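Colleague: Can you walk me through this model? Start with the sheet, please.

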Amino acid sequence: MNRILASRAYNNFRCSFFRTMSSYAQEKTVAIDAVLRASRVCQNVFQKLVSNETITKKDKSPVTIADYSAQAVVNTILAKSFPNDPIVGEEDSKDLHGEDAANMREKIYDLANSVLEESQTIKELLDAIDRGCYSGGSKGRHWTLDPIDGTKGFLRGEQFAVCLALIVDGKVRLGVMGCPNLPVDAKNPEGEKGCLFVAVEGEGAFQRSFESNDLKPIKMSAVSSTSESSFCESVEAEHSSHSDAAQIAKLLNITRSPVRMDSQCKYCSISRGDADIYLRLPTRADYEEKIWDHASGDLLVKEAGGEVTDITGKPLDFSIGRTLKANKGVVASIASIHPEVLKAVQDVLSKKN
C-alpha cells in the first residue's frame with residue numbers, strides 16, 4: 001500500500017513538474033516570432049534611414065520610427081495570441097497624431113506591415129502601440145517590452161536589442177531578446193551576426209542565430225577567482241560610472257580591459273561567457289531603472305548560472321510598476337563570485353557618500 005501511495009505521489013509530482021516546465025511553451029513560441037519580426041523592422045530602418053543617410057545619423061527620427069514600428073509589431077502579435085494580456089511598453093502614440101506626424105505614420109505603416117502576416121490599418125497600429133500603457137504590478141500576468149534598447153548603439157550600427165519579457169505575479173517567467181548586430185560567435189566578430197536569446201524560468205538559457213531554429217544552451221563562464229574575470233559595461237558613461245567601475249576592478253584584481261556595448265546585449269554577453277560581470281552603477285540618486293531595460297536580461301543571467309541584484313544585494317523587484325523603484329543600480333555576475341563583486345561595489349560607492 002505504501003508503495004502504491006508513494007508511486008502515485010511521485011507520478012503526481014512528475015505531472016505537476018512537467019506541466020510547470022511546459023506551461024509557457026506557447027508564450028515562448030509567440031515571443032520568439034514577435035522579437036524576430038521586430039528585429040527585422042529595426043534592421044530595415046537602419047538600412048533605409050541611417051546607413052543610406054536619407055536621414056542623417058545626427059537625426060534621432062530613425063530610431064523613433066523604429067521604436068514605434070517595432071512596438072506596433074510586437075504588440076499586434078501578442079494581442080492576437082493573448083488578447084487579455086496587458087503590456088508595459090516604452091512608447092505611446094500621442095506624438096503620432098495630427099498632420100505634422102503624417103509622414104512618420106506612413107513610414108510606420110509600411111515598416112510594420114512589411115513583417116506582419118496580416119496587414120493592419122494605421123489606426124490598428126496606433127492602438128497596438130498604446131497597448132503598452134499598462135502600469136504593471138504584482139498580480140496577474142503582463143508583458144514588458146523595450147522595442148529598441150540601445151538608441152545610440154542602433155544609430156552607430158553597433159549593439160542594440162529588442163527585449164520582451166513575461167511577468168507573472170511580479171516574477172519574470174520568460175525572456176526573449178533579439179540582438180541583430182551581435183556576432184553569433186564572440187570569437188569570430190566578423191562572422192555571422194544576429195542572435196536570439198531565450199530563457200524560461202527553470203528551463204535554462206539558450207541562444208540561436210536569426211537564421212536557425214536550433215536553440216543551443218548557454219551558460220556563464222566558470223572562473224575560479226575575480227582576477228580571471230572581465231567587465232561588460234555601458235559605452236555611455238552617463239548610464240554607468242566608468243570611473244567607479246575602474247576602482248571596483250582594481251579591488252577585484254581585474255586587469256582585463258572592459259567589454260563595452262549598449263543595451264541588454266550586455267546581459268546576453270555575460271550569459272554566454274563573453275565577459276563575467278555586468279555593472280550598472282547609479283549616476284543619479286533619484287534615477288529609477290525601467291523594468292523593460294532589465295526584465296529579460298535578469299532572467300537570462302539567472303538561468304545561465306548567474307546572480308543579479310542591485311548594489312545593496314537585493315533582487316530586482318519587477319512587481320511594483322513600470323520602474324525598479326525599490327532598487328538602486330544593477331550587479332550581475334557568476335553566482336560563485338557575486339558576494340565578492342558586491343562587496344567591492346559597496347566599498348567603492350560608500351566612499352562617495
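**The sheet and its surroundings**

Modeller: β4 is mostly covered, with eleven of its 13 residues buried. Buried means under 20% relative accessible area, exposed over 50% and partly exposed in between, with a 1.4 Å probe and protein chains only. Strands (E, at least two residues) and helices (H or I, at least four) are DSSP runs, numbered from the N terminus.

Colleague: What should I know about the source of these values?

Modeller: This is a predicted model: local features need pLDDT of at least 70, side-chain atom pairs count only at pLDDT 80 or more, and totals for chains, interfaces and linings use all residues. Residues are numbered from 1 along each chain as its sequence is written, and side-chain values use heavy atoms, with hydrogens and water left out.

Colleague: Which strand order does the open sheet have?

Modeller: The order is β1-β2-β3-β4-β5-β6-β7, seven strands in an open sheet with mixed pairing. Two strands pair if DSSP finds at least two bridges between them.

Colleague: Which strands stand at the edges?

Modeller: β1 (87-89) and β7 (216-218). Each has a single partner strand, so one side of each is left without a neighbour in the sheet. From one strand to the next, the twist averages 20°.

Colleague: How many bridges join β1 to β2?

Modeller: Three, and the two strands run parallel. Gly-89 has Leu-145 in β2 as its bridge partner. β2 and β3 run antiparallel, joined by seven bridges. There, Arg-141 is partnered by Val-168 in β3.

Colleague: And β4, what pairs with it?

Modeller: β3 pairs with β4 in the antiparallel sense, over seven bridges. Cys-163 has Met-177 in β4 as its bridge partner, and Ile-167 has Val-172. β5 also pairs with β4 over seven bridges, in the antiparallel sense. Gly-175 stands opposite Ala-199 in β5.

Colleague: Which residue takes a positive phi in the hairpin of β3 and β4?

Modeller: Asp-169, with phi near 50°. That hairpin has two residues between the strands.

Colleague: How many residues of β3 are buried?

Modeller: Eight of the eight, so β3 is largely enclosed by the rest of the structure. In a regular strand the side chains alternate between the two faces of the sheet. On one side of β3, the buried residues are Ala-161, Cys-163, Ala-165 and Ile-167. On the other they are Val-162, Leu-164, Leu-166 and Val-168.

Colleague: Which helices lie across the sheet?

Modeller: Helix α2 (residues 25-50) lies across β2, β3, β4, β5 and β6, at about 30° to β4. Helix α9 (residues 295-303) lies across β2, β3, β4, β5, β6 and β7, at about 95° to β4. Axes are lines fitted to C-alpha atoms, for helices over the stretch in contact, and angles run from 0 to 180 degrees between N-to-C directions. Contact means heavy atoms within 4.5 Å.

Colleague: New topic. Where does Glu-91 lie?

Modeller: In the loop between β1 and α4 (102-113).

Colleague: What is Glu-91 in contact with, leaving aside neighbours within four places in sequence?

Modeller: Asp-67, Tyr-68, Gln-71, Ile-129 and Pro-147.

Colleague: And the chain overall?

Modeller: The protein chain has ten helices and twelve strands. Of its 353 residues, 52% count as buried.
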